[in-house]
Amino acid sequence: MTDTTRRTVVTPAVPVAAPTPAPAPRHARVWRGLTPWLFLLAPLALLITFTYAPIANMLAYSFTDWDGVSPELHYTGGHNYTELFTRPELFEVFFVSGYYLAASAVQIVAALYFATVLSFDVRFRNFFKGVLFFPYLINGVAIGFVFLYFFQDGGTLDSVLALFGYDPDHAWLGTPVSANTSLAGVSVWRYLGLNFVLFLGAIQSIPGELYEAAELDGANRWQQFRHIIAPGIKPVLTLTVILSVSGSLSAFEIPYIMTGGATGTETFVIQTVKLAFQFNKTGLASAAAVVLLLIVLAVTWVQRRLVPDDKVDLV
Amino acid sequence: MTRRTVTRTLVYLSLIAAAVVVLLPLGVVFLTSLKTPEEMADGSGALTLPGDLLNLHNYVTAFRDGRMLSAFGNTAFVLVFAIGGTVLIGSMTAYAIDRFTFRFRKLVVALFLVAALVPGVTTQVATFQIVNSFGMFDTRWAPIALYMGTDIVSIYIFLQFVRSIPVSLDESARLDGANAFTIYRKIIFPLLKPAIATVVIVKGITVYNDFYIPFLYMPSEDLGVISTSLFRFRGPFGAHWETISAGAVLVILPTLVVFLFLQRFIYNGFMKGATR
């Protein structure tokens, strides 16, 4: 494309240089073969040290009873894995993920709604777009504090409800169900913006003539959504669903900052961090991490099967 | 009223409701940060206005006793090195992968692609041991190395961009006697500016907001970055919500300023990052 214009700019230099170079001497060819590796040296070293070596080590630790500090460790076979799947309190954390999964369903529907609405001509469009997206950029600890105050006794939520004459004498973070629902709500507040912007981008990449043609044919907004927008955003939608599933399984920041995992809000990652760094059960924690990694990889694999790469690229 | 105006009204109502839901918790925390401890204690509720709208006392407390200055310093230090490293590493990798054919090229590409699928939170148990064995634990180099070494998204953004730079540019430079390093430095790198801007913004915001890695790797108080320093507010300021709120506002403010000035880049950057 821009190729031709660029070439015309540089051609004047070519006649000055030597004609096509003769076959390079041996050492030059070796040098050329080495060049890409010189560029890749640092990136590959970092990649292997901080991604692949940990995975290999983690697999190895998961079959031992290592405590993370002492020089001795014993091979215990699949013991850590049996413990993980048979001790109910270790397994319970998966139910907490259910709250976050349900929340992501709400989040995707809401994001889809707002993206559709704001893709049409609406006043103060940029303002609403910015407001919906901004929470995604806020520091997680700040969000945690903002919502600790929000749910606090006599905090923001209680005060707003009192305005409407409703006085719930209720500790929002006091019972497991209420606490988990509240935390999942915070995660919707935080992550809705990203989904929304992704959907909006996908919708806006649909050519405008399609809507015009549909309107001429007398299609209403719902029909436009059903037959033009929905097929256009299918790849992003699938991607979002998969990201939400792995995000729900690895929820960490919001619950850790707000409750520290108390009152039944412990998630899988909080439990793993506690096992490894508080109770020095590196072996068991590694087994837990391996399980989570396998689940996330399986989910991603399903996504790659459902949406071939080239379709995602179109977005 | 026609049906059309009814739907229009409902749409606007839903948008306003969403804006309130987003802004109210933030607004209340901002109001709280301006209140005095007495105002907090008199039971007037969270929604009342502070008596003095210019009461910056809590900010002074948060800044001084909460050690926010050293937190911003540490964050800036980590940001500069992590972003610089990410840009260099990402652009070098993209250049090598796109412009050269060599043995094991497919393997290298696969290594980077598969690594992108591994969520960082899962492997920290073992990463910790490696970082520790390098003696980087509890230094600012631990997060810097981790941010640099595990960022596949940036490599992907650079790769897409290098592909769009015509190969004829490389070739003519080579005929002029430039070697691969000169081509990278003088031709590819300068043309990557838009990609670099994207990576700097996305990476900058991600690093600024990250809590997990500094929390795990830099436990000493002197090394607090803004996330971990703010997290420590819970202890000493316990129930002093006016100080905690001031700290939260101090942390959010830079993000808001950056967002207002760089909106378009930010939307594009995060979209590219997520749809890799």
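Chain A comes to 17 helices and 0 strands, where helices (H or I, at least four residues) and strands (E, at least two) are DSSP runs numbered from the N terminus. This is a predicted model, in which local features need pLDDT of at least 70, side-chain atom pairs count only at pLDDT 80 or more, and totals for chains, interfaces and linings use all residues. Residues are numbered from 1 along each chain as its sequence is written, while chains are lettered from A and ligands numbered from 1 in the order in which they are written.

Of the 315 residues in chain A, 39% count as buried, that is, with 20 or more other C-beta atoms within 10 Å of their own, C-beta atoms being placed from the backbone. Take the contacts in chain A between residues at least 6 apart in sequence: 73% of them join residues at least 24 apart. Contact here puts the two C-beta atoms, placed from the backbone, within 7 Å.

Now for chain B, which has 14 helices and 0 strands. The radius of gyration of chain B, at 24 Å, is well over the 19 Å that the globule rule gives for 276 residues, so chain B is more spread out than a compact globule. That radius is taken over C-alpha atoms, and the rule is 2.2 Å times the number of residues to the power 0.38.

Where the chains meet, chain A puts in 75 residues and chain B 71 residues. On chain A's side, helix α3 (residues 26–61) gives the most, with 18 residues.

Notes
Buried ≥ 20, exposed ≤ 12 C-beta atoms within 10 Å, placed from the backbone.
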